[in-house]
Amino acid sequence: MTADSILEIRNVSKSFDIAGGKKLLAVDDISFDVERNSICVLLGPSGCGKSTVLRMMAGLETPTSGAVMIGGHAVDGPGQDRGMVFQAYTSFDWLSVQKNVEFGMKINGVPAAERRERAAHFTELVGLGKFSEAYPSQLSGGMRQRVAIARTLANGPEVLLMDEPFGALDAETRWLMQELMIDVAEKTNTTMVVVTHDLEEAIFLADKIVFLSSHPGRLKEEIVPDFKQGRRIGDKEHVVKLDGYGNLEAHLMRLMREEGRHAA
Amino acid sequence: MSSDTRSKPFFRLRQPAGRKQRLFSALGIWAIFFGVWVFASSTGMVNELLVPAPQKVFASTYDLFAARGFAGDVLISISRVLGAFAMACLVAVPLGVMMGSFPAVEAIFAPFVSAWRYLPAPSFIPILLMWFGTGEAPKLALLFIGVIFFLITLVMDHTKNVREELVETALTLGARRSTVVMKVIFPAVLPDIVIAMRQMLAMAWTYLVIAEIVASTTGIGAMMMRARRFLKTDEILSGIIVIGALGLLFDLAFAALHRWMFPYLRKTR
């Protein structure tokens, strides 16, 4: 991995107004970089502000202080260069799968022929080629998330932001989706930032794990899973069996447990 | 039919009633209703003048349509309802969507709209008659006032319920605010808007009859008030039946429209 950063989080803090005119500090002075074409995982217990950090990258929240930089410019609101996939289903139910995937391109003025072609390509990439004319309500939860991923990728973002994208899926589907994301990352060279509280998911996907502690969210540790030796391995079973997997998982468990003790 | 041969009780706790059972039950309740009516009128338990026999009511309904141009009154009533309702929708739907999408728009109109909602529309009849005379205008105005403020509020509430993730998804795909409203919020809320319209159309019928009974020489309500003057209870009841039938018809039409417009809401899995 080169040191070519696409996203720079610079001394970012975020506080929210809560009842009684008080402020709640959710994110406290966090700085880290996301390298181009890498998969960066934001991991931490609930309440660590990882989703807030992601939403600030998306431009859906504004930092109280500090800045999120993309390609050297400060993020100022949402934009086409940063696509986002949410945990909740966001398929547009009134549009077919094909039209869902075309949506971003359509509002951004991509000509119809190119739109159709790109949509077909990304629908195929996420394994929904046969369902392009189906409505989202006819699809399973995992398939709906595939639609959301294809829709975001087809819009050509530089960064794909994902907020616990597979949290609502059952275990075996989640696993398949994680393998799909490795495949997508390899094929599209898209930078990904994934928020999760699932240790396995973090270890499997990450080129780098950014561990945040809770209340307020602070950067606790940046971890590069060395045992993968810089490779992306698309087979989860293979990854779990590698030397060093267990050690890293144990380390992350310890971090989680320490945080849990504070919270509980 | 299932191969289960054990006899099931008629009243099963929270188990769906079969098709046959529902049909039987529906016909049954109406059979009892008409049975009691026929029995009461034929045995002289009730005054024939005040409660005519059902067969007499149906005969005069036929006579009204066949020989006395009642169809004209019905058409006038229908066009009043649809005309005023369409005008109310043309204002209420865009305004409700805007109020539900932009809190700033809500802040402007909500205090106004919610105050008007508590003013009973029929209380405007005297002043509407003074302003607009006895033509079509006061009837249309009453229907418009009676429907619009509720419709605005319903559309606004439904619009607010469009999930935030859908809006944020569109924003992160690069949509501008107007695009979010037109291409995401509006299509997302449209099925609920059609349901709200269906509910409010029923209310429009109520106001129509009030308007026609109070101040009209044409329409179904006016016919019923004429019949009252000549003690024609059978014709009054005919009017009630026709209004009920039309209400049911429009409701079914709206349900069909909903199914036709939103095929994606049908679960096939």
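## Chain A at a glance

Chain A has eight helices and 10 strands, where helices (H or I, at least four residues) and strands (E, at least two) are DSSP runs numbered from the N terminus. This is a predicted model, in which local features need pLDDT of at least 70, side-chain atom pairs count only at pLDDT 80 or more, and totals for chains, interfaces and linings use all residues. Residues are numbered from 1 along each chain as its sequence is written, chains are lettered from A and ligands numbered from 1 in the order in which they are written, and side-chain values use heavy atoms, with hydrogens and water left out.

How does the radius of gyration of chain A agree with that of a compact globule? A compact globule of 264 residues would come in near 18 Å, and chain A has 18 Å, so the two agree. That radius is taken over C-alpha atoms, and the globule rule is 2.2 Å times the number of residues to the power 0.38. Along the principal axes, the C-alpha atoms of chain A fill a box of roughly 50 × 50 × 35 Å.

## Burial and contacts

Of the 264 residues in chain A, 54% count as buried (under 20% relative accessible area; exposed is over 50%, partly exposed in between, with a 1.4 Å probe and protein chains only). Take contacts (heavy atoms within 4.5 Å) between chain A residues at least 6 apart in sequence: 71% of them join residues at least 24 apart.

## Helix α2 of chain A

Helix α2 (residues 97-107) of chain A is mostly covered, with eight of its 11 residues buried. Among them are A:Val97, A:Val101, A:Phe103 and A:Met105, along with A:Gln98 and A:Glu102.

What do the buried residues of α2(A) pack against? Within chain A, they pack against α3 (112-125) and α4 (141-154); from chain B, α7 (164-172) and α8 (177-214) join in. After α2(A) comes A:Gly109, with a positive phi near 80 degrees.

## A spot on helix α5

A:Asp183 sits in helix α5 (residues 171-188) of chain A. It counts as partly exposed because its relative accessibility is 30%. A:Asp183 and A:Ser137 are 46 residues apart in sequence and 26 Å apart in space, C-alpha to C-alpha.

## The cavity in chain B

The lining of the largest cavity includes B:Ile125, B:Leu128, B:Lys139 and B:Ala211. Helices α5 (125-132) and α6 (136-160) of chain B each supply at least two of the lining residues.

Note on methods. 1 Å grid on protein atoms, 1.4 Å probe; cavity = no way out; pocket = protein on both sides within 12 Å on 5 of 7 lines; lining within 4 Å.
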